[in-house]
Amino acid sequence: MADRRVLKYESPAHQEVKPDISETLLELKRSLPFLPGHQFDIDKVEDPFDCAVFEHKQILPHHRKSQAFDYCNGVAVFKEEAPGIGGIPLTGQEEVKVHTSLEIYPHMDGVGISVPAWVLRFYAYFQEAVHEKREEQYRVRKVNIYFYLEDDTIHVSEPKTQNSGIPQGTLIRRHRIPKADSVKGQHYIVTDLNVEKEVTFYSRTFKIIGCDGFTRDFLGALGIETFLENDRRVLRFYCVWDDTNSVFGDVRHMVIHYYLSDDTIEIREAIPPNSGREHNTLFLRRCRLPKRFHSNSLGAHLNPNGETGDEFYTDRDLMIGSVLHLYGRPFVICDCDEFTKEYYRETYGLENFDPLRIEDYDVVEENRAQELMSFFPIAAEKANESSSLAIPSTTNNLPKKDFRKISQFDGVTLRYSATLKSMKRVDQDRKFVISLYPADDSITVFEPHQRNSGIIGGKFLEKQNIRKSDGTYFTVQDFYIGAEVEFYHHIFVLGGADDYAVKFMDQHPEMFPKHRPAAQ
């Protein structure tokens with residue numbers, strides 16, 4: 001059997017030079033037989049000289065495995081929450097650990113009273129939909145939320161009102177209420193309840209609007225003092241959203257409200273009168289706005305507290321000239337109110353608050369409107385008619401009525417099949433029917449409905465006389481198979497005609513000089 005040596009060291013106070021620990025331990029390891037129970041890992045050895053680092057690796061003072069087997073009421077059980085070697089949690093234990101309020105408030109300073117006897121009271125309300133009455137759409141019901149610190153239980157009660165006709169009293173009995181979005185069964189704790197917050201208990205959302213004096217003192221000692229200092233303090237910014245790149249889009253004016261109490265953002269739209277938009281000005285419901293948008297919110301990463309690990313916008317990100325990205329929509333902040341300017345002066349020491357010119361975006365909107373007028377013929381025609389009525393003209397450019405043609409060709413309609421001459425692939429597949437009325441040279445354009453085309457068919461252009469680019473009007477002489485006619489910046493190619501139109505053009509060559517009759 002190998003010789004075993006006993007190494008003795010003197011205290012560092014009585015020894016001038018430390019021995020080489022690594023050489024001594026390696027020599028001891030080589031002297032032991034290479035058998036189970038006789039070998040050890042040097043990294044697991046406790047440093048006799050309290051050295052924090054040994055061979056560039058951290059040494060744990062209690063490097064042992066935790067006891068995972070135990071007895072509970074005489075029954076052998078397995079403790080899944082037992083940590084790993086050295087008291088370090090195993091992989092995944094922190095993610096599945098359910099947090100309680102006892103992890104927070106026992107470490108408060110100046111708290112010497114028995115904490116489990118305390119109850120926090122919050123004042124809240126919720127909206128209840130009313131389906132029985134036509135005059136009333138919803139009711140606002142006030143409740144009291146009681147939070148018991150001893151076991152994190154919650155009790156929701158509604159004060160009774162005489163002759164209300166509504167069952168009142170206890171709405172939710174006392175128990176631990178789980179979070180709806182928690183994947184580990186986390187329940188509500190003391191940090192989840194705060195003034196100006198919204199909590200959801202079993203698909204019913206409660207808006208907390210206040211609390212009693214004891215609850216305010218307790219949350220203040222707990223370190224949650226933001227709502228006490230910044231309650232009812234709101235920053236207001238004026239911004240614009242340039243949505244002209246989309247069809248029928250325009251420049252929309254928005255107002256951003258930033259609540260300092262809980263760092264939430266609300267966006268409302270400044271709708272001008274007679275704009276044709278709905279009167280609901282709420283564009284974004286009050287919430288914390290993430291800087292990065294996830295298309296699949298269910299796959300967002302959750303931290304141990306059950307919240308998403310994304311970064312959210314704060315007051316440091318909201319400045320004049322900055323761009324706020326709201327789920328892919330850019331909002332340019334142009335100005336703010338006086339309270340917001342004073343807040344940034346006191347908090348960040350800023351002095352320059354030169355606003356951006358919102359009128360510049362209005363000019364872009366007017367240019368966009370002119371482009372839309374040229375693209376949509378019906379709107380352009382109505383605009384031309386209104387302008388002609390507003391500004392009297394000395395010359396009448398409308399074509400003169402030929403009563404001989406009207407009496408001779410009354411009821412005659414020539415139909416041509418046409419396609420759009422465009423670089424867009426979608427417009428190349430569109431088919432149109434152009435109807436020509438020889439009695440007064442008026443024109444209508446109709447687009448037949450095509451299945452799975454993504455374009456709604458119907459009347460494209462109502463019956464009217466259409467002006468050419470040179471100022472004259474289209475006549476029957478401009479229509480023949482193969483001709484290209486331009487209606488309000490839309491070029492149509494006449495690819496064919498019905499049998500009646502072909503026979504009519506063959507019988508009246510003086511009206512259609514460019515028509516080539518088919519060979520007999």
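Predicted model: local features only at pLDDT ≥ 70, side-chain atom pairs only at ≥ 80, totals over all residues.
C211, by contrast, falls in the buried class because its relative accessible area is 10%, which is under the 20% limit. The number of disulfides found in the structure is 0, where a disulfide would be a covalent bond between the sulfur atoms of two cysteines.

An open sheet is built from 6 strands, which follow one another in the order 8-7-6-5-10-9 with antiparallel pairing. Its edges are formed by strand 8, covering residues 169-175, and by strand 9, covering residues 198-201, each of which pairs on one side only. From one strand to the next, the twist averages 30°. Helix 3, which comprises residues 213-222, packs on this sheet and touches both strand 5 and strand 10, its direction making about 110° with that of strand 5.

Within the sheet, strand 5 (residues 119-129) and strand 6 (residues 138-148) are joined in the antiparallel sense by 11 bridges, and in this pairing E128 is placed opposite R139 of strand 6. Strand 6 also pairs with strand 7 (residues 153-158), again in the antiparallel sense and over 5 bridges, with Y146 standing opposite H155 of strand 7. These two strands, strand 6 and strand 7, make up a hairpin in which 4 residues lie between them, and D152, located in the turn, adopts a positive phi of about 60°. Elsewhere in the sheet, strand 9 and strand 10, the latter spanning residues 204-211, pair in the antiparallel sense over 4 bridges, and T200 is found opposite T205 of strand 10. In general terms, strands of a sheet pair through backbone hydrogen bonds, either parallel or antiparallel.

Charged side chains were examined next. Side chains of opposite charge can pair when their charged atoms come close, and a search of the whole structure returns 19 salt bridges. One of them connects E342 with R345, with a separation of 3.3 Å between the closest N and O atoms. Both E342 and R345 belong to helix 5 (residues 338-348), where they are 3 residues apart, or about one turn of the helix. With a relative accessible area of 38%, E342 is partly exposed, and R345, with a value of 29%, is likewise partly exposed.

A further salt bridge is formed by the side chains of D427 and R430, with an N to O distance of 3.3 Å. D427 counts as buried because its relative accessibility is 13%, under the 20% limit, and R430 is also buried, its relative accessible area being 15%. A salt bridge is found as well between K468 and D478, for which the closest N and O atoms are 2.8 Å apart. Both K468 and D478 are located in the loop between strand 20 (458-464) and strand 21 (484-487), and they are 10 residues apart. The two partners fall in separate accessibility classes, since K468 is partly exposed at 24%, whereas D478 is buried at 18%.

As regards aromatic side chains, the structure contains 23 aromatic pairs. In the pair formed by F432 and F460, the ring centres are 5.3 Å apart and the ring planes meet at 70°, so the arrangement is edge-to-face, a class that applies to angles over 60 degrees. Because F432 lies in strand 18 (residues 431-437) and F460 in strand 20, this pair ties together parts that are 28 residues apart in sequence. F432 and F460 are both buried. The two rings also take part in a cluster, in which ring pairs link Y416, F432, F460, F474, F479, F487 and F492.

Terms used
Residues numbered from 1 in each chain as written. Heavy atoms only, no water. Disulfide = S-S within 2.5 Å. Buried < 20%, exposed > 50% of the residue type's maximum accessible area, 1.4 Å probe, protein only. Pairing = 2+ DSSP bridges. Axes fitted to C-alpha atoms, helices over the stretch in contact; angles between N-to-C directions. Contact = heavy atoms within 4.5 Å. Salt bridge = Lys/Arg side-chain N within 4 Å of Asp/Glu carboxyl O. Phe/Tyr/Trp six-rings, centres within 6.5 Å; stacked < 30°, edge-to-face > 60°.
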